[in-house]
Amino acid sequence: MKRLFLIQCTIIPLLVGLIFVSIVFGSYVNGALFQLGRSEACPLPCWNGIRTGEMSVDAANHILFSQGYEMQNSMTDRNHNFYISPTGSRCTVELGHQVARVIETHLSDCPNLRLGDVIAALGQPESLLPHSLTFRFARGMAHLRLRIDPCVDRLTAFSEVMFVRFSRMPDTSPYEVPWQGFIPAWRYEHLYSNTVPLVC
């Protein structure tokens, strides 16, 4: 009887701990997926219902304000609007615009957003610039840059994302090289002679 009581005293805290870990992990995954907000109704370069290249700034404002974002007037200028989430639980959003129409959506400071999250949402990168660890997806309509040192840090699915940018105009560079997986940046430099050298 005493042994059964001891087993129960051990198992119950363990189960409670596992439930807590599951809740935290689930909220992390949902947060990462929300940050990228991809669906059939919103194909790239659309993000979170904001149709880059098509939507007016006023319509984009309505979407962001309805989700609790606040405009940062101190950072906003003639061609860029900045928005933050008061809770700090979502990406900072920058909308580039011309003639009152959104032409670019830039997400930065996304909590816990990793390269693996973006690959899970957008698919494999098409190419990258090894010297800056900037990746291109979907024919250049999505780019991301990592917040790691290409000379020091290993490239992994857990590498932290600095920003993700969505644009209707493909932004390509002659120094991009094809994605070859999670190999060090110096290996990309050795595989492709046309890339910009690492400054290490």
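Is Arg 136 buried or exposed? Arg 136 counts as buried, because its relative accessibility is 16% (buried means under 20% relative accessible area, exposed over 50%, and partly exposed in between, using a 1.4 Å probe and protein chains only). Let's keep that residue in mind and walk through the rest.

A word on the ground rules. This is a predicted model, in which local features need pLDDT of at least 70 and side-chain atom pairs count only at pLDDT 80 or more, while totals for chains, interfaces and linings use all residues. Residues are numbered from 1 along each chain as its sequence is written, and side-chain values use heavy atoms, with hydrogens and water left out.

So how confident is the predictor? The score to look at is pLDDT, its confidence in each residue, from 0 to 100. The chain averages 83, and 81% of the residues score at least 70. Where pLDDT is low, the predicted coordinates should not be read in detail.

Now for the sheet. It is an open one of 9 strands with antiparallel pairing, and its order is β1-β2-β3-β4-β8-β7-β6-β5-β9. Two strands pair if DSSP finds at least two bridges between them. At the edges stand β1 (70-71) and β9, and because each has a single partner strand, one side of each is left without a neighbour in the sheet. Helix α2 (residues 57-66) packs on the sheet, where it touches β1, β2 (80-84), β3 (92-98) and β4 (101-108), and its direction makes about 10° with that of β2. That angle is taken between N-to-C directions on a scale from 0 to 180 degrees, with axes as lines fitted to C-alpha atoms, for helices over the stretch in contact.

β3 and β4 pair in the antiparallel sense over 7 bridges, and they form a hairpin with 2 residues between them, where Val 99 in the turn has a positive phi of about 50°. The bridge partner of Val 93 in β4 is Leu 107. Leu 107 also stands opposite Val 164 in β8, as β4 and β8 (residues 161-167) pair in the antiparallel sense over 5 bridges. Over at β9, strand β5 (residues 127-129) is an antiparallel partner over 2 bridges, with Ser 127 opposite Pro 178.

Next, the charged side chains. A search of the whole structure finds 6 salt bridges, each a side-chain nitrogen of Lys or Arg within 4 Å of a carboxyl oxygen of Asp or Glu. Back to Arg 136: its side chain meets that of Glu 126 in one of them, at 3.3 Å from N to O. Arg 136 lies in strand β6 and Glu 126 in the loop between α3 and β5, so the pair ties together parts that are 10 residues apart in sequence. Glu 126 is partly exposed, at 35% relative accessible area.

Arg 147 has a salt bridge with Asp 109, with the closest N and O atoms 3.7 Å apart. Arg 147 is in the loop between β7 (142-146) and β8, and Asp 109 in the loop between β4 and α3 (115-122), so this pair ties together parts 38 residues apart in sequence. Arg 147 also meets Glu 160 in a salt bridge, at 3.5 Å from N to O. Shared partners join Asp 109, Arg 147 and Glu 160 into one network. Each member is partly exposed: Arg 147 at 37%, Asp 109 at 49% and Glu 160 at 34%.

The whole structure has 3 aromatic pairs; rings of Phe, Tyr and Trp (its six-membered ring) pair if their centres lie within 6.5 Å, and planes under 30 degrees apart count as stacked, over 60 as edge-to-face and the rest as tilted. Phe 135 and Trp 179 have ring centres 5.8 Å apart and planes at 65°, so this pair is edge-to-face. Phe 135 sits in strand β6 (residues 134-137) and Trp 179 in the loop between β9 (177-178) and α4 (185-191), 44 residues apart. Phe 135 is buried, at 0% relative accessible area, and Trp 179 is buried too, at 13%. Ring pairs link these two and Phe 182 into a cluster.

Terms used
Helix = DSSP H or I, 4+ residues; strand = E, 2+ residues; numbered from the N terminus. Contact = heavy atoms within 4.5 Å. pLDDT = per-residue confidence, 0-100.
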